[in-house]
Amino acid sequence: MVWVRYVGGRLLALVLTVLVGSVVVFLVMKAAPGDPAVAALGESARPELVAAFRAKHNLDVPWALQYGRWLSGIARGDFGLSLTVASDRPIAGLIAARLPNTIFIGVMALLIAVILSLIAGTIAALRRGKLADTIATSLAAFGISMPDFWLSYVLILVFALGLGLFPAYGFIAPAQSFTGALYSGFLPALAVSAPLAAVFARTLRTSLLEAGNKDYVVAARSFGFHPAYVFVHWIFRNALIPYITIIGLQIRYILGGVVVIERIFGISGVGSLMVDGAFARDYPVVQACAVVFLVIVLSVNLVVDVVCSLLDPKRAR
Amino acid sequence: MSNGGLRRRDFLGSSAATIAATQLPFSYGAWAQGASTLRAGITGYNVINTLDPGKATLIPEFYVIWALYNGLMRLDANSNPTPDLAESVKADGNTLEFKLRTGVKFHDGSEMTSDDVKFTLERLLDDKFASPNKSKVSGLSAIEVPDASTVRLVTKEAFAPLLTFLANARTGTQVLSRKAVSAAGDDFGKKPVGTGAYSLKDWVPGERVSLAAFSGYFGGAPKIATIDMPLIAEESSGVTALLGGQIDLTSTAPFADIPNLEKNASITVLKQAGLNCRFVSLNHRKAPFDDPAFRRACSMAFDRNALVRAVLFGEGVTAHGLIPPSIGYAYGGNNRPLCTYDPAKAKAELAKSKYPNGAEAEILTWGQSWWKRMAEVFVAQCNQTLGTKFTVQVTEANTVFQRHKSGDYQGSIWGWLGLLDADEYLYDIIHSKGWRNFYGYSNPKVDDLLERARRELDQGKRGALYKEAENTMIEDMPVVPLFVSNVHNLMTKKVQGFKQLPYSNWGDQFANMSLS
């Protein structure tokens, strides 16, 4: 019962947050400068064409009504028609075609970041103050302070243009070829993952060190348990909670990184769609992408909270 | 190390080769199908909304349209219209008579006739169709088709630019099939049918367009079977894709990278001054730009060469008029004293003006780099030379355009791109009735020369009239010309037969190309 109430409550909160978020997204796009009709029809458009365009795209009614129609459309999976990015094509179709690519790169980046940080964070904690720790923490500081677009170009220069190991541009959709997607997605995923891996590793190192000083760990050691057994059962498990929480919080940075990286590597994803939409004043496209991102971030946070409460049952109460 | 040993470098090298060998043919399917696919990256743009010439406005839309269709005419390297679907043209007063090529087939197999030409032009003129390209043909008063291979276009008075407007460039007058358009209805922009060397194979919005060779093309079947055009939004990504071997040709290149790319022996850089003009637009209805002497002083107060270096990284030529060098028949050169940096003469002009002690003015611009830097260099040098107090105001391009239209500005960076005929550069921009004349410039002598040029069907005499008009206009300095920027294409050494034209052409070359 506790679980049902907990998860149910969180789901309700998620829906409410998406609703509030959608209003904010809608209003921000309405406040942005530039006229979508002018963007779509060109500067020399005649007034009657502009009027017809506004009528067709629901732009000629009060904004509250525009919002209502938009929201009820979304509830039916209809995000409306694109204005200027792919004119007259359903936005839901554009997003459906692109979302798998974005999710693929995001998940791949997350996995790379988790693997790198588990190794680096653990080594740094176990070898605290030694050379390995210094190297790992310095790399982490570097990773945090490095802009991802810069890293992308360095990776392209070294691994694609220099060594010729990976393509410099282009991405194969996972639906077309899964291995092809892994191969062509590696550099972009690595570029997105670097700052995350750095943050994750530092968090893991700190929480491992903290957990290692807890009384119950000292007690376990004094019972004569093997150090590796103590590490896995008492130190590592307890250190995982802040680590996983941080992963949940950082998901939004993955999406932020994906927006930039998709353009550099030519990945046809939701991030690049959103950028294109913003440049071309395609409000419905930007709104739809923002809502999709919002839902993804909130869902991941929900999953993270559920996982954390499984690890630490106190949290569910 | 012994011969039998495997070194780490060898391993990395061979595993990379293995990956390349095993992955690429499958995963890069459309990207690398051997010599029969040209991977022609459309760079700097990724939005294509329609492939219907009558509706198209964006450059990348025309990139594709140029491969799918033909016009009655096409443009040569000097921007002179030459016959394409037409076999010959005869001009007689206000009538142009075109003899069409016979045996030209549309992609759907039907034959192109004069009726299709008539249909195409009437569709553009139809108010209900609301074509953004209507103005190109709005001077037509009658379209006559005496037989299947003859078209007669009648204008109210002789109108020389019409031939340019019927070329396969950014005109929208590409010839369509009446039958195919009627069959497709509103979907024609997604299912284009033309007479071009290539037909549409596949189109993923925002991602790529691919074309298939049309075996029935009147110029002979193209050598390259498939054209794959990834839409690459970032120009710099286009460069890395070319260097990394993912594409063979780009449609543009970042100006700042050109000097380095030219040193790279594995690629070819094509460049020439494009069809564009950039200037400072000055509002003659407001102080201080209401005084010609003050405008002339500004024009001589800054160094256009420095501007080309600072803004274009040297990738352009200084402009001393509005007509760019690639419109060979009308280009007046760039050695006019009034457009040459000369602080002493500039100060002398200033002393003669209504504002001998300089003046304040706000120069509008927009964007991050290029347009903003143009304004900054111009303003800084004017202030230094003349002691004026000009300031730069950065806003948004649409706002600048709206303020031009309403006359609510003093000075502004401005420019036009994609204009094809000398008439568009002069009549539209400085004739007292020109629709792009926002600054209120009016000189009856210039007006008269431009009106005569419109009626002059001899290209040589017409060019002379434009040169005279420009020489007259520059004395009034209605706008301050800045520069003409280059157009660029990058290609690998295996690409053969691409000929760059000043209007930044693209798909029209695929028919002549091959891969070695």
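**Exercise 1.** Find the strand order of the open four-stranded sheet in chain B, then name its edge strands.

*Solution.* Start with the order: the sheet reads β4-β5-β7-β6 (chain B), with antiparallel pairing. Strands here are DSSP runs of E, at least two residues, and helices are runs of H or I, at least four residues, numbered from the N terminus. Two strands pair if DSSP finds at least two bridges between them. Next, look for strands that pair on one side only: these are β4 (86–92) and β6 (140–147) of chain B. The model is predicted; local features need pLDDT of at least 70, side-chain atom pairs count only at pLDDT 80 or more, and totals for chains, interfaces and linings use all residues. Residues are numbered from 1 along each chain as its sequence is written, while chains are lettered from A and ligands numbered from 1 in the order in which they are written.

**Exercise 2.** Count the bridges between β4(B) and β5(B), and find the partner of B:Lys90.

*Solution.* β4(B) pairs with β5 (residues 95–100) of chain B over six bridges, in the antiparallel sense. Within β5(B), B:Glu97 is the bridge partner of B:Lys90.

**Exercise 3.** Determine which strands helix α3 of chain B lies across, and its angle to β6(B).

*Solution.* Helix α3 (residues 114–125) lies across β5, β6 and β7 (150–155) of chain B. Its angle to β6(B) is about 165°. Axes are lines fitted to C-alpha atoms, for helices over the stretch in contact (C-beta atoms, placed from the backbone, within 7 Å). Angles run from 0 to 180 degrees between N-to-C directions.

Methods: Two residues are in contact if their C-beta atoms, placed from the backbone, lie within 7 Å.
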